[in-house]
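Okay, everyone, thanks for coming. Let me put the structure up and then walk you through the sheet and one bit of surface.

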Amino acid sequence: MKRVAIYIRVSTSKQDTDNQRRELEAVANRSGWKVVKVYEDAGVSGAKGRDQRPGLDAMMKAVNAKEFDMVASWSVDRLGRSLTDLLSILQGLHDKGVGLFLHQQGLDTSTTAGKAMFQMLGVFAEFERGIIRERVNAGLARAKANGTKLGRRRVKPSVEARILELRANGDGILKIGRKLGIGTSVVQRVFKQDPWPA
């Protein structure tokens, strides 16, 4: 009987992993696989690397220990959005002789065709992410062209003048922040806007 680990992920805390889990457990049952463990990353973006996804990290450690024969996941984008990350995961599985099953794509990487298809799906996932990034940047450029001020608002001129006055007296960022009851990031921003004269 094939030992299978299930990996499930959702990007936001408003979503849940129940549907993915139920469907993958049903597939395992129909296929005669034994589910040995379910790994989950809830509310974690697929763009984040392994170091920021505890479920994925734990699963890959278990792969190295050869605790199962295959990983089953809902879709390629559950594993990652970056081609580099996807290929790294696939390589990690392949090196230990662990297969990958992707339910939505009907993909099984224990076959040669499956491996090739996985790499192509990774390219498309990265392409989709690039398109989203371009749309966001185009929206920001359009807003800027229409006169919308982007970024944080400047502090009141009176506060700015007081920060500069305290700095001229030799006070540091932390001391100024405490004296004026403002965050150090505000003080640093004013410093950057008005650097020391050369």
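This is a predicted model: local features need pLDDT of at least 70, side-chain atom pairs count only at pLDDT 80 or more; totals for chains, interfaces and linings use all residues.

One term before we start: two strands count as paired if DSSP finds at least two bridges between them. Residues are numbered from 1 along each chain as its sequence is written, and side-chain values use heavy atoms, leaving out hydrogens and water.

So, the sheet. It's open, with 5 strands in the order β2-β1-β3-β4-β5 and mixed pairing. β2 and β5 (107–108) sit at the edges with a single partner strand each, so one side of each has no neighbour in the sheet.

Now β1, residues 3–10: 7 of its 8 residues are buried, meaning under 20% relative accessible area with a 1.4 Å probe, counting protein chains only. β1 runs parallel to β2 (residues 34–42), joined by 8 bridges, and Tyr7 has Tyr39 in β2 as its bridge partner. With β3 (residues 70–73), β1 is again parallel, over 4 bridges; there Ile6 stands opposite Ala72.

What about the antiparallel pairing? That's β4 (residues 99–102) with β5, over 2 bridges, where Leu102 partners Leu107.

Last, the surface. Phe124, in helix α5 (residues 112–145), counts as exposed because its relative accessibility is 55%, and the cut-off for exposed is over 50%.
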